There are 2 protein chains.
Amino acid sequence: MATNITFHAPALTKTERSTLRNQQGLTIWLTGLSASGKSTIAVELERQLLHDRGVHAYRLDGDNIRFGLNKDLGFSEADRNENIRRIAEVAKLFADSCSIAITSFISPYRKDRDTARKLHEIPPPGENTGLPFVEVHVDVPVEVAEQRDPKGLYKKAREGIIKEFTGISAPYEAPEKPEVYLKNVDLPIKDAVKQIIAYLDSQGYLPAKKE
Amino acid sequence: MATNITFHAPALTKTERSTLRNQQGLTIWLTGLSASGKSTIAVELERQLLHDRGVHAYRLDGDNIRFGLNKDLGFSEADRNENIRRIAEVAKLFADSCSIAITSFISPYRKDRDTARKLHEIPPPGENTGLPFVEVHVDVPVEVAEQRDPKGLYKKAREGIIKEFTGISAPYEAPEKPEVYLKNVDLPIKDAVKQIIAYLDSQGYLPAKKE
């Protein structure tokens, strides 16, 4: 009987999982200044994907990552790199599971975002192709973000209480060729989300809209 | 118009996500010796959950974790603890997303598995309750596992090539009160999976079987 146990039914492939779930996995990587609107966009995007398309998305953000998986990390350069690397690896696991990972982090450095993209290009174990990586630049001038400042972080950065704050005392390296570019000054959130979904549709990443 | 951007639609709650997906999130934590059958069980469990119940599960195992998220970790005690901590955090994210995380690691130390369980008891951000943690002990005597030895690891451990090998030169601390106890000597895999699914049903964790 013991031979029964070593019999390996083949594991579900990504394609099989994808067909059964009627959904393709991918990562949507939002990048932009603090208070640019990333989280608000992520929340509305998740809602529309599930409500209107019946596809499952999950947001990875400071709340569920910084106080969980990455709570051992500080803000040194090495730790910031490791922060982004782990987020990218987790997003890739969600994408491999045929969910849509929506990451919402400032991720100011081009090198780090490129690392995240490259990780997605490496096929998961047992697969032949990588996973789609959709970089979305939420572009808001620092003056606008600073005026919003819902958490008072810009104020603290100006006062020197927070060091190396992106846009004030640390650089933000804008993406050169993001898949989606949101120039969202004066842009209602719904339009921003519409633009992301239009891109996903243009690539055939989503099932048809439910009637 | 800028006020539109700071408008926050409420984020999907776990309950709302769960209703829309007709699925509840949880973690199934398999533990047992190398070659006890954990991976085979995980593969078959994932398949049956998706095929027969239409619920989504995703396996976290050595293949997609050790060469990805945890590739920076070695085998020191600190690194082994950190390995399990990260796996538990990622499983919790999947469970919070309303998927079923199936983890398949030897996880020989009671302390580490308890850490994983306790992390699941902490409600995710914005939630009031923790996430179900189902510990499954795949119990096979070391003699049986050693006889199977599909990867030749026990042989290498006996030869001293692999140090601190669970069951040979390092302890396996059996769970005291696992939610599911699989005494799977001579047990065909399908029966093991049936036992796990029966437990999930007994707790009301799964939607009804599809006709």
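Guide: Let us begin with a term: a salt bridge is a side-chain nitrogen of Lys or Arg within 4 Å of a carboxyl oxygen of Asp or Glu. Please keep in mind that this is a predicted model.

Visitor: How many salt bridges are there between chain A and chain B?

Guide: One example shows how the term applies: the side chains of A:Arg17 and B:Glu46 meet with N and O 3.0 Å apart, and the cut-off is 4 Å. Over all chains, the count of salt bridges comes to 40. Between chain A and chain B, the count is eight.

Visitor: How much area do chain A and chain B bury between them?

Guide: The size of an interface is often given as the accessible area lost when the parts come together. Here 54 residues of chain A are in contact with 54 residues of chain B. Carbon and sulfur atoms account for 65% of the buried area. The area that the two chains bury between them is about 4,700 Å².

Visitor: Which residue of chain B is in contact with A:Leu60?

Guide: A:Leu60 is among the residues that touch the most other members of the largest nonpolar core, which has 34 residues. Elements of both chains each supply at least two residues of this core, including S2 of chain A and strand S2 (57–61) of chain B. Leaving aside neighbours within four places in sequence, the contacts of A:Leu60 include A:Ile65, A:Val90, A:Phe94 and, from chain B, B:Leu93.

Visitor: Is A:Arg53 buried or exposed?

Guide: A:Arg53 is found in helix H3 of chain A. Its side chain reaches the backbone oxygen of A:Pro207 at 2.9 Å, and A:Arg53 also forms a salt bridge with A:Asp201. The relative accessible area of A:Arg53 is 11%; the limit for this class is under 20%, so A:Arg53 counts as buried.

Visitor: How many residues apart are A:Arg53 and A:Asp201?

Guide: The closest N and O atoms of this pair are 2.7 Å apart. A:Asp201 counts as partly exposed, at 33% relative accessibility. A:Arg53 lies in helix H3 and A:Asp201 in helix H9 (residues 189–202), so the pair links distant parts of chain A; their separation is 148 residues.

Visitor: What is the relative accessible area of B:Glu135, which meets B:Arg113 in a salt bridge?

Guide: The N to O distance in this pair is 2.8 Å. B:Arg113 lies in helix H6 of chain B and B:Glu135 in strand S4 (residues 133–139). B:Arg113 is buried, with a relative accessible area of 1%; B:Glu135 is buried too, and its value is 5%.

How values were computed
Residues are numbered from 1 along each chain as its sequence is written. Chains are lettered from A and ligands numbered from 1 in the order in which they are written. This is a predicted model: local features need pLDDT of at least 70, side-chain atom pairs count only at pLDDT 80 or more; totals for chains, interfaces and linings use all residues. Side-chain values use heavy atoms; hydrogens and water are left out. Contact means heavy atoms within 4.5 Å. Buried area is the accessible area (1.4 Å probe) that two parts lose on being put together, summed over both. A nonpolar core is a set of buried Ala, Val, Leu, Ile, Met, Phe, Trp, Tyr and Cys residues joined through side-chain atoms within 4.5 Å. Buried means under 20% relative accessible area, exposed over 50%, partly exposed in between (1.4 Å probe, protein chains only). Helices (H or I, at least four residues) and strands (E, at least two) are DSSP runs, numbered from the N terminus. A polar contact is a pair of N or O atoms within 3.5 Å; within protein, one must be able to donate a hydrogen and the other to accept it, and residues adjacent in sequence count only if both atoms are side-chain atoms.
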